[in-house]
Amino acid sequence: MIVDLILAGIALYFLWLLLLAKPKSFPPGPVRFPVIGNIYHLRKWGPYLYQSMAEMKRRYGEVAGFFVGPNPIILVSGLEAIKELSFREDLSGRPSFFHHKLEKVKNGLLFTMGERWKEQRRFTLRHLRDFGFGKSSMESITIEEIEAVFSGIDKSLEGENSWSKPIVVHDILGTANINVIWHILAGKRYSLTDPLLNQLLNYVKDVIAQVEIGGKLEMAFPKLVELLPFLSNAWDSIEKREKVRNFIKKAIDEHKISIDYNSPRDFIDIYLAEMARRKEDPDSTFTDPQLTGIGFDLFGAGYDTTFNTIVFSLLYMILNPEVQKKVQEELDSVVGRDRLPSFQDRDSHRIPYTEATVMEILRCSTVVPMSVPHAPLYCSKDIEFRGHIIPKNSQIFLNLYDLHHDPAVWGDPENFRPERFLNQDGKVIRNEAFIPFGIGKRSCLGESLARNNVFLFFACLMQRYSMQKPDGEAPPSDEPVGNITIMPKPFKVQVMKRH
Ligand code: HEM
């Protein structure tokens, strides 16, 4: 009897060791608990991923590894390691999420890889540029959107020289920047109050919030969630993804009816022309689902990130009124009040303080805090990185948020201080560690558009209005919430038109 108990104890001990075991040369990290992996640690170290990953880096260094259920996750922190990883071809893959498996579709740009991704990315970048991505021709379209936002704000003003009643910032901005993206894609704009577009954008926001990175249940126990769907919101997300895709498909169908192949109006037309050109090629990657996927990704990756950054910009201005005042003084003295600020003002470096403030907004907010997860290419073999093994089924997080808030790099990262991007002569300076759009092979495809949108919205709003926290209320928190993208908690401002 005693011998049986001892043998059972030994067997259990080895089973326990087996469950805790990590692959050979796996990066350092917390003890792997059986079944759940490190979900417990993630929760303990902070409700949001950017917080738990800061702690993970603090404890285990620049390349750390942990598990969510049985899935390995690698966290890469620090400029040198992030740079090295971002330029590695064999680490330029993307992981598969639970919804990819359920939907059985993987089109577009964000989650495709290899040759198909390269060809589609190259084509998309080239032709989005033709339609104004990052060019001054986009200025008038962006201004049209900004003026629509102005007229919404003006309605909430009570008098010429008085502060408005408190208004929720998220409501002021509405659907504004999506129209800029939609204009390039489909040559059309919607009214800011259009109910269909507003509903779609809410779907996009939900879909992004539901992406299963971090300690989500469907990532750790996909089989269990498939059996007990009420445990997860994945199905709700899939339904909303389908609705957004249907919206894009409808636009594509309308284009097919009215297209003139000799005179493309927008990106959809250009893509349809390329499809037609390659229709005899059985290996062509230019297909209807791929076009829908690109539209979906630009909608998803472009709207939420830019919107959140603009919301952050207003938060930082009410928390740092002295910065707001300096931006306004610079705009008044260089641009005046008779015209709106322009890309030219920024590109000729005539408004360096405003430019530096936009950079500081992007640094502090880092709205894609862990980047978009990378993976070994095709997820087909384990890969060596800085003396460690990255298992083939890993997700790789790039710790951008921590890099942008690292005291060793920035000195006082917790302070909102645009001067860190200016030299002694007041000229804008770059910092290698400032990479809100990622770098390397998979860096953000919409960077120039996003920079332009954020700059113009911010500068125009600052030129026209002063903003403050509601009188008598505590300052809003600047601690972001969210998952794959982050944003401020809803907060209110009072607005006054400047004269
Ligand atoms: C402030 C706004 C934005 C920020 C901070 C941002 C940031 C990022 C980051 C960090 C990545 C991942 C880089 C990597 O995997 O290494 C990314 C990827 C991407 N972004 Fe953005 N982004 C912004 C706006 C936009 C806009 C406006 C668009 C398009 C309309 C866009 C389209 C994309 C696409 C398609 C990818 C995937 C690229 C690929 O996998 O090849 N983004 N972005």
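Which helices each supply at least two residues of the shell around the ligand? Helix H6 (114–130) and helix H15 (288–319) do. This is a predicted model, where local features need pLDDT of at least 70, side-chain atom pairs count only at pLDDT 80 or more, and totals for chains, interfaces and linings use all residues. Residues are numbered from 1 along each chain as its sequence is written, and side-chain values use heavy atoms, with hydrogens and water left out.

**View 1. The iron atom of the ligand and its single protein donor, Cys 444.** The SG atom of Cys 444 sits 2.3 Å from the iron (donors are N, O and S atoms within 2.8 Å of the metal, or 3.2 Å for Na, K and Ca). Look for Cys 444 in the loop between helix H20 (407–410) and helix H21 (447–464); helices are DSSP runs of H or I with at least four residues, strands are E runs with at least two, and both are numbered from the N terminus.

**View 2. The shell of 27 residues around the ligand.** A residue counts as near if one of its heavy atoms lies within 4 Å. Among those that come nearest are Arg 94 and Arg 121. H15 gives the most, with six residues.

**View 3. Side chains reaching oxygen atoms of the ligand.** An N or O atom of Trp 117 is 2.9 Å from a ligand oxygen, and His 374 has such an atom at 2.9 Å too (a polar contact is a pair of N or O atoms within 3.5 Å).

**View 4. An open, antiparallel sheet in the order E3-E10-E7.** Strands pair if DSSP finds at least two bridges between them. Strand E3 (167–168) and strand E7 (465–468) each have a single partner strand, so one side of each lacks a neighbour in the sheet.

Terms used. Polar contact = N/O pair within 3.5 Å; in protein donor to acceptor, adjacent residues only side chain to side chain.
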